[in-house]
Amino acid sequence: MIAEEPLLFEIGSEDKTAVDFPPQPDAKDCLGTCRKNTKIGLPGLSEPETMRHYTRLSQMNIFEDSAFYPLGSCTMKYNPRVNEKLAALPGFSEIHPFQPQNTVQGALEAIYTLSNLLTEITGMKAVSFSPAAGAHGELCGMMTIRAALTHKGNPKEVVLIPESAHGTNPATAAMCGYRIETIPVNNHGLVDIQALQKRLSEGEKNVAAFMLTNPNTCGLFERNIITIANMLHEAGAFFYMDGANFNAIMGLVKPADFGVDAMHINLHKTFSTPHGGGGPGAGPVVFNAELAPFRPLPWIEKDGDSYRLLETNEESMHSFGRMKAFNGQFSILIRALAYILSMGLPGLRQAAEDAVLNANYLRVKLQDILHLPFPGTCMHEVLFDDSSLTETGINTLDIAKSLIDKGDHPMTIYFPLIVHGAILIEPTETESKRVLDEFVAAIKDIVAKAKSENNQDLKQTPLKAFRKRLDETTAARQPILVHTDDL
Ligand SMILES: *Cc1c(COP(=O)(O)O)cnc(C)c1O
């Protein structure tokens, strides 16, 4: 068992440093009155102290390299090491965004190649690489939609969002100045298209867009997606697809064929980058021809044999401006490029098929012991709930915490919100049958225990983790950011 780990601020001291620069007697002070004369309060540590601190913290976690990580909606797949190797090549990792463009032609070519691959895979016309994550991609897409509508003379007022949406969707639309209206989900877990049709045909035509995740957060494919797209276009509204769950369909269908106008792709999920705990990510957005002229700068263009960045609007460009410095999360783009090229299109298709197969394997193996709110084939993730355990007093949280003692990372819990006590399992394509069978055995064991006399032990889990049950609400509301011995 590892010992308690102090904070960096408790190990280091302000006047210590791991790096020694020789004094620079002739250096000119360019900062003038902007120079800060007081200490900035960051702890200094030696190199081994720093390394040990982070290694110890990592050992307190369950992580992708140590265990099965079926966190629904997050696509925690194995990320091939070759991606890391390629992203670390000096031509990619040791360049600076202020370098003249003629000295970084290879890097620009890499972005350009990735943009061609993403438009090919999605069937869309143009890409913006600015967004640093999925939610940022949504913001990019919705700002582009707003710019296009404003150009037509009316940005409109309302964005429609189904009840099953990821929480980032309404947040994004609200940040773009839209009022959110919710569209209900039917008892199959899919958008209620009668309700959508009714909303679109009534009142003024003030709907700017509909934001839909497909496959949705119940792990189900929205079968009426083409009807939905047609209904929106007839009403003069744009169709934004949240493509964070693209892992289920890549290489099998092109979102352009559904009538999607804009969609973000979570490169860190589908196209393989180690992620979690807030980063790193990249959420490029693909656009159709109508929206493409309004997307953010910079754009990348091929001019004969060379590549250049367009940083200001030129003819027929109506970009709304920049939303991030430089060219997005460059090293994540390289990882995605490495992943796509090493998989090839048939490889991507097989990854999606295997992701769906693995989720359905778990669905079939577990459907007799956990309740399936929406029976039938699922996509890359399977949604259960805890209603079959109500009488035992054991709930979704207890199952998740007990899984930690079995050595697995818990699945996503209490999301999507439309299912009470939701248990959302996304095994991904990179897990073998053996790993899935072990997970099934672990869940069966926990459920059997839940139904037994002495099930109260489950309320104490995890027993083997470094941190036991946390009061998560208080931890979030009143975080204690200093270390004390009695914690
Ligand atoms: C992960 C996810 C997002 C947000 O992506 P981030 O990169 O975490 O910002 C949005 N929508 C869905 C459906 C997701 O699964």
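Predicted model: local features only at pLDDT ≥ 70, side-chain atom pairs only at ≥ 80, totals over all residues.

Residues are numbered from 1 along each chain as its sequence is written, and side-chain values use heavy atoms, with hydrogens and water left out.

**Stop 1: helix α8**

Select residues 193-201, which form α8. Helices (H or I, at least four residues) and strands (E, at least two) are DSSP runs, numbered from the N terminus. Begin at the N-terminal end, which is capped by Asp192: one of its side-chain oxygens lies 3.1 Å from the backbone nitrogen of Gln194.

Which residues of α8 are buried? They are Ile193, Leu196, Arg199 and Leu200. Buried means under 20% relative accessible area, exposed over 50%, and partly exposed in between, with a 1.4 Å probe and protein chains only. Look down the axis of α8: the buried residues fall within an arc of 120°, so they line one face of the helix. The arc is that of the directions from the helix axis to the C-beta atoms. An α-helix has 3.6 residues a turn, so residues three or four places apart point the same way.

Now colour Gln194, Lys198 and Ser201, which are exposed on the other side of α8. To see what the buried residues pack against, show β2 (158-162), β3 (179-183), β4 and α9. Contact here means heavy atoms within 4.5 Å.

**Stop 2: helix α9**

Select residues 225-234 for α9, where the buried residues are Ile225, Ile228, Ala229, Met231 and Leu232. They are on the same side of α9, because they cover an arc of only 165° around the axis. Their cover includes α8, β4 (207-213) and β5 (238-242). After the helix comes Gly236, with a positive phi near 75°.

**Stop 3: α8 and α9 together**

Show both helices at once. Two packed helices are described by the angle between their axes and the distance between the axes. Here the axes of α8 and α9 come within 10 Å and cross at roughly 5°. That angle makes α8 roughly parallel to α9. Axes are lines fitted to C-alpha atoms, for helices over the stretch in contact, and angles run from 0 to 180 degrees between N-to-C directions. Angles under 35 degrees count as roughly parallel, over 145 as roughly antiparallel, 65 to 115 as roughly perpendicular and the rest as oblique.

On the α8 side, the contact is made by Ile193, Leu196, Gln197 and Leu200, and on the α9 side by Thr227, Ile228, Met231 and Leu232. Six of the residues in this contact are nonpolar, two are polar and none is charged. Ala, Val, Leu, Ile, Met, Phe, Trp, Tyr, Cys and Pro count as nonpolar, Asp, Glu, Lys and Arg as charged, and the others, Gly among them, as polar.

**Stop 4: the loop between α2 and α3**

Select Thr75, in the loop between α2 (47-59) and α3 (81-87). Is Thr75 buried or exposed? Thr75 is buried, with a relative accessible area of 0%. Leaving aside neighbours within four places in sequence, the residues in contact with Thr75 are Asn247, Lys269, Thr270, His275, Glu426 and Thr428. The side chains of Thr75 and Glu426 make a polar contact at 2.7 Å. A polar contact is a pair of N or O atoms within 3.5 Å; within protein, one must be able to donate a hydrogen and the other to accept it, and residues adjacent in sequence count only if both atoms are side-chain atoms.

Ser73 is found in the loop between α2 and α3. Its phi is positive, about 80°, although Ser73 is not a glycine.

**Stop 5: helix α13**

Go to Ile446 in α13 (residues 433-450). Ile446 is buried, at 2% relative accessible area. Apart from neighbours within four places in sequence, Ile446 is in contact with Ile399, Ser402, Leu403, Lys406 and Leu458.

**Stop 6: two cis peptide bonds**

Select Phe415 and Pro416, joined by a cis peptide bond with omega about 0°. Pro416 is in the loop between β11 (412-413) and β12 (422-425). Then select Thr461 and Pro462, where the peptide bond is cis, with omega near 0°. Pro462 is in the loop between α13 and α14 (472-477).
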